[in-house]
Amino acid sequence: MRHTIRHVRVTPIAFRDPPLLNAAGIHEPWALRSIIEVETDSALIGINETYGEQAMLEVLAKAAPALQGLSPWDLNAMEARVKALVQPAGARSEFLGEQISLAPGTHVSKNVAKVISAFEVAMLDLQGQLANAPVVDLLGGAVRTSVPFSGYLFFKYAEHIGSPYRPDPFGEGLSPEQLVAQARHMMDHHGFKSLKLKAGVLPPEQEVATMLALAQAFPGTPLRIDPNANWSVATSLKAAEQLQGVLEYYEDPAPGLEGMAEVARACDVPLATNMVVTDFKEFAQNVQKGCPVRIVLSDHHYWGGLRATQQLSRLCQTFEMGLSMHSNSHLGISLIAMTHLAASVPLLSYACDTHYPWQDDDIVQGGRLHFEDGSLRVPRGPGLGVRIDPEALLRLHDNWLHCGIRNRDDLGQMRKYDATFTGKQPRY
Ligand SMILES: [Mg+2]
């Protein structure tokens, strides 16, 4: 029997997000995503989760007709049709501009890659249902049965300005002691074996002191710091010296490939990025410079999907680079797609990032997913192995209808706390 795609449904959702600080400002009380459902004439539904900003919703709506009449197996045809329908608004990467964006996924230059990824995962979920095989098997089979994630630490306030809802259980996180307690909470609840600190927020001395406190509290635990390019080259090098022997890798300390190259020349710790190598063209630029960035933190949501990320992994192997995964605020469908992908990639050098522990809701049947010893088991059921909980979808869509947020704005949110906050980068 031939199965044909006849309908694509995109449902914007919003969920509670704690007041997490970063280089751009602070998270708003609600994070946006969208849920994709691709339905066949045989009433099978393939699902996925992706970005939920207004521009993304518009481009998804524009591209949805591309799937009409396709077989769920026609990924190449889908890609060609999406490319034809969605013209990139400019080939330029946002990271070459003045303003540094923390979320490459929000940029229009990645529209084609983002939409292809959004549809590809849903089509792979359909294929898995048709073949009675998990997505990881469609990607070549599992090279590991579970995927390690890291504990993602944030400087944060105790609650959002205006108290929109009950504060999260983590409390304030500004001092080294508070961050050590946050790390302990993460490790006790989820069993994470490595830790990452989102930095570029407080004066660098305080962030370095926090890393040293973490190193002392959790000896032997791999530690990373990510200032999101909010440090000058000089500040980056000074911090690297103070953190000698502490870092597993050094994520996006200074702005731009040029800045990263300057840091790399004077620093032993490998540099990682989700800011300067965010597509295949930037990958080539890094190679042409002699690979100052040694580790790519991939993200299938904007690299063009699961198969494109497998290709990226092959390239990383070729150039003797490491690979791991970046994350934005997300729910369980994204987490499971990352897990299938990471399980299929022989080269996964480090535990993946995830914001998942910061969320308290989910869209999948059965509720929140559980890490075991810091890892997520790869589902063996057909497709992604998770289904949408229809009640949760209604609840989260209702959040979207009422939250009043249509585009992520960490800078604008920060100005509610501090009207003088400029968002100038690099700040230190
Ligand atoms: Mg990063």
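This is a predicted model: local features need pLDDT of at least 70, side-chain atom pairs count only at pLDDT 80 or more; totals for chains, interfaces and linings use all residues.

Student: Sheet first. What's the strand order?
Tutor: Seven strands make an open sheet, ordered β7-β8-β9-β10-β11-β12-β13, with parallel pairing. From one strand to the next, the twist averages 30 degrees.

Student: And which strands does helix α5 touch?
Tutor: Helix α5 (residues 176–190) packs on the sheet against β7 and β8 (195–198), and its direction makes about 155 degrees with that of β7. Helix α6 (residues 204–217) lies across β8 and β9 (223–226), at about 165 degrees to β9.

Student: How many bridges join β10 to β11?
Tutor: Two, between residues 247–251 and residues 271–273. E251 sits opposite A272 in β11.

Student: Switching to helices: how do α1 and α3 cross?
Tutor: Their axes come within 10 Å and cross at roughly 65 degrees, so α1 and α3 are roughly perpendicular. The crossing is right-handed.

Student: Which residues meet there?
Tutor: From α1 you have M56, V59, L60 and A63, and they meet N111, K114, V115 and A118 of α3. That contact divides into six nonpolar residues, one polar and one charged.

Student: Now W30, buried or exposed?
Tutor: W30 is buried, because 22 other C-beta atoms lie within 10 Å. The residue belongs to strand β4 (residues 30–40).

Student: What does W30 touch?
Tutor: Its contacts include F15, R16, D17, N399 and I405. W30 and I405 are 375 residues apart in sequence, yet 7.3 Å apart in space, C-alpha to C-alpha.

Conventions
Residues are numbered from 1 along each chain as its sequence is written. Axes are lines fitted to C-alpha atoms, for helices over the stretch in contact, and angles run from 0 to 180 degrees between N-to-C directions. Helices (H or I, at least four residues) and strands (E, at least two) are DSSP runs, numbered from the N terminus. Angles under 35 degrees count as roughly parallel, over 145 as roughly antiparallel, 65 to 115 as roughly perpendicular and the rest as oblique. A crossing is left-handed if the near helix is turned anticlockwise from the far one by less than a right angle, and right-handed if clockwise. Two residues are in contact if their C-beta atoms, placed from the backbone, lie within 7 Å. Ala, Val, Leu, Ile, Met, Phe, Trp, Tyr, Cys and Pro count as nonpolar, Asp, Glu, Lys and Arg as charged, and the others, Gly among them, as polar. A residue is buried if 20 or more other C-beta atoms lie within 10 Å of its own, exposed if 12 or fewer, and partly exposed in between; C-beta atoms are placed from the backbone. Two strands pair if DSSP finds at least two bridges between them. Lists of a residue's contacts leave out its neighbours within four places in sequence.
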